[in-house]
Amino acid sequence: MALTFAVEDKGILPDRMIAQLAADGGILPAYQFAADQIQPASLDLRLGDVAYRVRASFLPGSTTVAKRIDELKLHEFSLTDGAVLETGCVYIVPLLESLALPDDIVAAANPKSSTGRLDVFTRVIADEIRGFDRIAAGYHGPLYAEISPRTFPVLVREGSRLSQIRFRHGHALLDADGLRALHARERLVDSDNADVSEGVAVGVDLSGLGPGGLVGYRAKRHTGLIDVERRAGYAVPDFWEPIPARADKSLILDPNEFYILASKEAVQVPPGYAAEMVPFDPLVGEFRVHYAGFFDPGFGYAGAGGKGARAVLEVRSREVPFILEHGQIVGRLVYEKMLAMPDKLYGQGIGSNYQAQTLKLSKHFKA
């Protein structure tokens, strides 16, 4: 049965509606979806069989991505048997999924959590768009991934999944009153004085939450490559320097270094809702947090085996050293309604890697 929505129906499409959207021809995969490709509130996007190294990142604007690739291409190579993407380079890869969206469905993309934790800068672009990771209602055309590894060279291949996409009908973002009401019912964070005025405020934990009293990890430079398909295959000391807690609960970020930290608050996403991290305020400090991935329904939720989970933060200082203090706010979680409950929640038998996490590196590293 084809998807139809009333004007008052607003929310993120759950897994079964994503499958129906594909059956209706709104999503056009080059070949059949993988068994675990549809998540509770998103669809993993797969790399195609060819990659293009280009001179610079770009937005297509009034033209097509293919035309811009022709203008900026340095060389192209096959991903069929796997290929290494080097740090400091920009690559464009056509995706195996294209879209033929209905006029009332928009889409938004984001890096997968594991992608962000490897410091692989990834965005989705499409023909004639003027913004990254946002696809307008009614879009018919191909999708592309822009990929730029920042810290580690990565091995990818056709079918590798670095990004995910959500589909939305109407405006579903909770306003301040709606968010306060949801927090009163569900306790979205384990804080008695949580700030939920413009999204749930998320601070950084520098108290020694991690195993062995660690507050985080700093990425090493000049390491070996990481195969994005390999799980628990790499020793942590080969790629990361552990950061122990300091007595004053502070951390000085060195310029242009990449850090994995964790939120002070344990957060949860109740069934019937999805969440996304957004910047708190670009003027609060000379650093940025790479907000990778969406928070699916059930993330950290006790009914899905979570009992609260920390948000992992991928942090990089800009041009100057910057000191972080324990509890300093670095982002906000905004919540949106789902159009319907997903068939399965995050953490319920779908291979979720980060349920009930504290300080956690990506799935590629040994515990």
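Trainee: In which sense do β6 and β14 pair, and over how many bridges?
Mentor: In this predicted model, β6 and strand β14, residues 154-156, pair in the antiparallel sense over three bridges.

Trainee: Which residue in β14 stands opposite Val84?
Mentor: That's Leu155.

Trainee: And what is the strand order in that sheet?
Mentor: The order is β6-β14-β18, an open sheet of three strands with mixed pairing. β6 (83-85) and β18 (226-227) stand at the edges, and each has a single partner strand, so one side of each has no neighbour in the sheet.

Trainee: What holds strands of a sheet together in general?
Mentor: They pair through backbone hydrogen bonds, parallel or antiparallel.

Trainee: Zooming out now, how many helices and strands are in the protein?
Mentor: The protein has four helices and 26 strands.

Trainee: What about the radius of gyration?
Mentor: The protein has 20 Å, which agrees with the value near 21 Å that a compact globule of 367 residues would have. Along the principal axes, the C-alpha trace spans about 55 × 50 × 40 Å.

Trainee: What share of the residues is buried?
Mentor: Buried residues are 55% of the 367. As for the surface, the protein exposes about 15300 Å², with carbon and sulfur atoms supplying 50% of that.

Trainee: Last topic, charges: how many side chains are positive and how many negative?
Mentor: There are 40 positive and 46 negative side chains, and the centres of the two sets lie 4 Å apart.

How values were computed: Residues are numbered from 1 along each chain as its sequence is written. This is a predicted model: local features need pLDDT of at least 70, side-chain atom pairs count only at pLDDT 80 or more; totals for chains, interfaces and linings use all residues. Side-chain values use heavy atoms; hydrogens and water are left out. Helices (H or I, at least four residues) and strands (E, at least two) are DSSP runs, numbered from the N terminus. The radius of gyration is taken over C-alpha atoms; the globule rule is 2.2 Å times the number of residues to the power 0.38. Buried means under 20% relative accessible area, exposed over 50%, partly exposed in between (1.4 Å probe, protein chains only). Accessible areas come from the Shrake-Rupley method with a 1.4 Å probe; for residues, only the protein chains shown count as cover. Lys and Arg count as positive and Asp and Glu as negative; His and the chain ends are not counted. The place of a charge is taken as NZ of Lys, CZ of Arg, CG of Asp or CD of Glu. Two strands pair if DSSP finds at least two bridges between them.
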